[in-house]
Amino acid sequence: MAGTDDANTVLDEVKATFRHGWAWMVVAVVMMFTFMTRMRPASLYNRGPDEVYFFGTDPYYHTRQTWYTVNNWPRVLEFDPWTQYPLGTTMGTFGTLFDQIAAALAWVVGLVVDGGMPTRATTLDVLIAYPALIGALCIIPLFLIARDMFGRGPAVYAAIAASLIPGAFLLRSIAGFPDHHIMEVLFSTLALWATYRAVKGFEATSLTFNEVLADPRVVWRHRPQMATCLFAALAFWAFMATWPPGVLFVFVTAGWLALEILVRIVRDEDPAPPVTAGALVFLFTSALMIPHTVSTGLWSFTTVDFSLLQPLVSVLFAVLLIGFAIAGRAWRANDLPLWGYPTSAGIGGLAGLGLLALIVPAFLNELLSGASWVFGSTMGWIPGLDAPHTRLTIAEAQPRSFGSFYSDFGVLAYTALIGWVLSVVDLKREGNSRDALMVVWGFFAVSAAMTQARFTYFLAIAVPVLNAKLAKRMFDGARAMSDPGEDGRAEDRISPQTGKAIVIGLLVLMLFPVHVTGFTNTDCSGDLNAWTQAGCLGPSREDTTWWEETTWLQENTPSGGVDLTSSYERPDGAFDYPGEAYGVLSWWDYGHQIQWDGQRAPIANPFQQQAPLASEIFTAHPQEANETSEALAMEILDEYLGEGNQARYLMIDDAMVTGKFSAITVWSGEEEAFQPTQRPFTVEDEDGNLQTVDLPSMPEEARSMFLQEIYHEDASGFEQYRLVRENPTYAWIGTAAQLTPDGRIMLEAYNRVLGLGGPDDVPFPSLTYHSGDEVIQATENQLIYDVNVQSTLKTYERVPGATLQGTTDPGATIHVEVPLIVEPTQRAFTYEQTTTAAPDGTFNLTVPYSTTDPVPIQDGGTNAEVLAQGPYTIQTADATTTVHVPDASVLNGETIRVD
């Protein structure tokens with residue numbers, strides 16, 4: 001019998017443990033599922049020892065920062081001369097806590113795997129898994145805040161829903177995307193939860209606002225609540241230490257607390273809990289942010305770096321909350337009409353902002369512009385502060401519509417709206433802290449996501465929690481239906497078990513249209529949940545192509561003095577670069593990858609630094625007959641670089657001359673010049689007859705822009721640029737039009753990549769860029785024209801060029817050409833240039849390609865893959881001659897006499 005009793009005791013303990021801990025058990029499983037989901041494409045990003053791909057652009061710079069911190073633990077890089085050449089840049093939102101934690105994890109793994117300092121391979125492996133780990137950790141604060149507000153059941157439902165959500169939350173935490181965005185989600189949610197706990201903690205005490213006003217030291221008696229406030233402040237600090245613009249999330253929290261104070265004043269309740277908790281959290285946060293301001297030395301106001309803004313905003317909102325509550329108590333004490341309180345408080349707040357604008361105008365301007373940038377300029381939250389048109393060329397900065405949220409959340413987007421409406425109703429009826437938070441949080445999360453698509457990752461936490469609100473209401477309704485009530489007529493009620501089963505079934509149905517049925521999708525189209533979408537992710541063609549070309553750049557060009565592990569002091573003026581330093585010019589999207597994989601200094605980068613400059617260079621085009629796009633572009637570039645600096649290489653891919661070219665023209669203000677115009681083409685009809693039709697085509701003004709000319713013409717006719725490498729994959733670039741049944745022609749794809757192939761797959765001789773009237777009937781109803789076939793990524797070298805000098809008849813035409821071949825693919829083309837002899841018969845032609853004696857890399861040369869197949873042929877009025885041009889002559893700008 002004793003054994004039976006012992007067994008029963010153990011069983012009872014197991015039941016009790018499960019009863020009290022079942023929710024955390026489920027959360028643990030959800031976290032594991034979340035991590036495994038995000039790790040699905042991890043192996044696809046591993047190129048082998050020491051090399052990986054990354055998803056997106058910013059992860060390359062976080063990798064650069066993490067590798068620096070690994071080598072200089074625990075320091076972060078504060079100034080980097082090896083980007084935005086030749087200015088360098090301060091770090092701002094990079095080189096933050098995100099990178100320090102990544103470096104710390106790399107050291108931990110390195111101690112185990114490498115026996116000491118982590119190797120490059122170990123660090124890269126950690127960075128691949130890092131975002132997936134943080135994504136899984138996000139489930140914890142999400143569960144905690146939903147549990148504290150709505151109970152364990154609804155909180156578990158919220159956690160499960162979050163683990164199944166595709167879209168921004170998944171993409172920002174997918175393996176291979178080590179970017180600070182997912183850590184923003186983790187710490188912002190943790191900060192909200194801890195602040196909510198602090199408010200509820202003070203609510204459970206007998207502390208009154210009058211007591212606090214009479215003697216603020218009375219707060220010290222409530223040390224557990226103060227400790228919670230300190231924890232919340234640490235979460236806010238971690239958020240801003242990861243992403244300095246996170247200071248704007250302080251605004252969201254202050255908005256919630258102000259709303260709660262307002263409701264409490266209107267309901268004649270004591271505002272001490274939100275005021276005391278909020279003031280302490282903000283004051284603690286301010287104190288924690290001061291060391292960052294001191295370390296950067298930015299005694300100014302900016303949201304994108306550690307400055308005076310972060311600590312002062314926190315203090316400002318602490319003061320505003322206290323003043324808001326004091327005004328409310330005074331309003332109540334004088335029996336003034338309640339409707340006037342929020343109005344007068346708003347007027348007082350605007351007056352305070354006006355006073356602030358007079359005293360510290362820079363502070364207010366930065367705060368308002370930063371807030372509008374994050375929380376809704378495009379929807380008019382701050383009228384007149386619309387997003388600049390250049391920002392709309394950035395994919396993650398595109399605004400979203402509410403209807404588009406279905407792709408991320410499915411039915412949960414609409415049920416979350418129901419939960420938000422219920423919070424508004426309950427706030428008016430009950431006036432509790434929970435609903436005040438949900439109303440403000442939900443509003444700002446939607447506003448942020450509708451302003452910039454990337455901020456949907458904040459909404460990805462608010463949506464499940466709002467659904468937890470709805471789930472709580474549904475469980476309460478089922479419980480009420482199972483309660484026999486005062487009349488005791490239990491036969492008219494459902495059983496508690498039946499009520500719970502019905503609610504759970506309804507909650508599953510809310511997940512079903514996307515998040516459940518998505519598991520059956522195998523072709524990566526239509527509705528996808530997180531698991532299936534993760535299986536559809538991996539390195540893009542752009543990722544792999546740029547990896548191939550930037551690693552070639554690292555191995556086949558002079559080093560340029562780039563050192564990514566050394567520390568650099570922020571200079572008072574220009575940075576003193578080593579003599580061998582040079583920059584690489586490309587569109588800003590590729591700057592970080594050029595720096596990390598190529599170990600070279602980009603001029604433009606994904607901070608959008610020097611995007612205006614690059615766009616102006618790329619869209620330079622002649623306005624007069626004696627001008628060339630190359631000369632105009634180089635004039636702009638040289639003026640920017642200044643004396644002693646050089647941009648030695650230029651990298652162009654097919655996206656830059658097609659899909660991204662419209663964005664480039666927006667940045668330079670040349671978008672009108674890129675709009676298609678009508679041009680006559682010859683089309684064969686179904687009876688075999690030829691007819692001339694006008695089709696939308698790229699205007700000549702756009703065709704003559706520097707970027708289009710150098711890419712499509714292989715630098716033929718250019719004096720200072722030579723092609724040195726091209727990717728062996730080729731793109732069919734052109735325009736496609738659709739023939740409608742009624743005979744109309746509709747533009748389908750303007751200047752786009754229409755297909756890909758190898759050098760043997762595409763008919764190079766038969767398709768030329770300036771084909772004029774050539775049209776390909778791709779299908780029965782589709783026309784393809786303006787077709788050109790070019791490498792997906794080309795690397796050019798800028799050289800002084802060798803000058804061919806000679807004499808012929810005055811005014812005669814001189815033509816020079818040299819046959820060239822791209823070694824890996826054996827693609828042949830010809831460099832040509834034409835000039836006219838001066839009145840005295842002399843001529844000078846500067847040519848960029850060499851024909852003999854290549855200069856090795858160790859002597860400053862380039863291991864070019866584009867080689868001359870013979871000497872230059874020079875045709876003058878009275879003779880045809882040949883001449884060889886040594887590589888040293890091209891690199892040193894020497895003159896070669898042509899006899």
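**Salt bridges and cores: a first look**

Trainee: Let's start with R120 and E51: buried or exposed?

Mentor: R120 is buried, and E51 is buried too. Buried means under 20% relative accessible area, exposed over 50%, and partly exposed in between, with a 1.4 Å probe and protein chains only. Keep in mind that this is a predicted model, where local features need pLDDT of at least 70 and side-chain atom pairs count only at pLDDT 80 or more, while totals for chains, interfaces and linings use all residues. Residues are numbered from 1 along each chain as its sequence is written, and side-chain values use heavy atoms, leaving out hydrogens and water.

Trainee: What do the side chains of R120 and E51 form?

Mentor: They meet in a salt bridge, 3.6 Å from N to O. That term needs a side-chain nitrogen of Lys or Arg within 4 Å of a carboxyl oxygen of Asp or Glu. This pair links distant parts of the chain, 69 residues apart: R120 sits in helix α4 (residues 120-137) and E51 in strand β2 (residues 51-52). Helices (H or I, at least four residues) and strands (E, at least two) are DSSP runs, numbered from the N terminus.

Trainee: How many salt bridges does the structure hold?

Mentor: There are 34. In another one, E260 pairs with R264, their closest N and O atoms being 3.2 Å apart. Those two are four residues apart in helix α11 (residues 247-266), so about one helical turn separates them. E260 is buried at a relative accessible area of 0%, and R264 is buried at 7%.

Trainee: Which residues are linked in a network of salt bridges?

Mentor: D426, R429, E430, R434, D435, K469 and R473 are. Within that group, E430 bridges to R434, with the closest N and O atoms 3.7 Å apart. E430 is partly exposed at 36% relative accessible area, whereas R434 is buried at 18%.

Trainee: Changing topic, how many residues has the largest nonpolar core?

Mentor: It has 236, and W441, W587, F618, F706, Y721 and L804 have the most contacts inside it. The largest share, 15 residues, comes from helix α19 (residues 456-482). A nonpolar core is a set of buried Ala, Val, Leu, Ile, Met, Phe, Trp, Tyr and Cys residues joined through side-chain atoms within 4.5 Å. A second, separate core of seven residues includes F681, V693, L695 and Y785.

Trainee: And what about F444, where does it lie?

Mentor: F444 is in helix α18 (residues 433-451), and it is buried at a relative accessible area of 8%.
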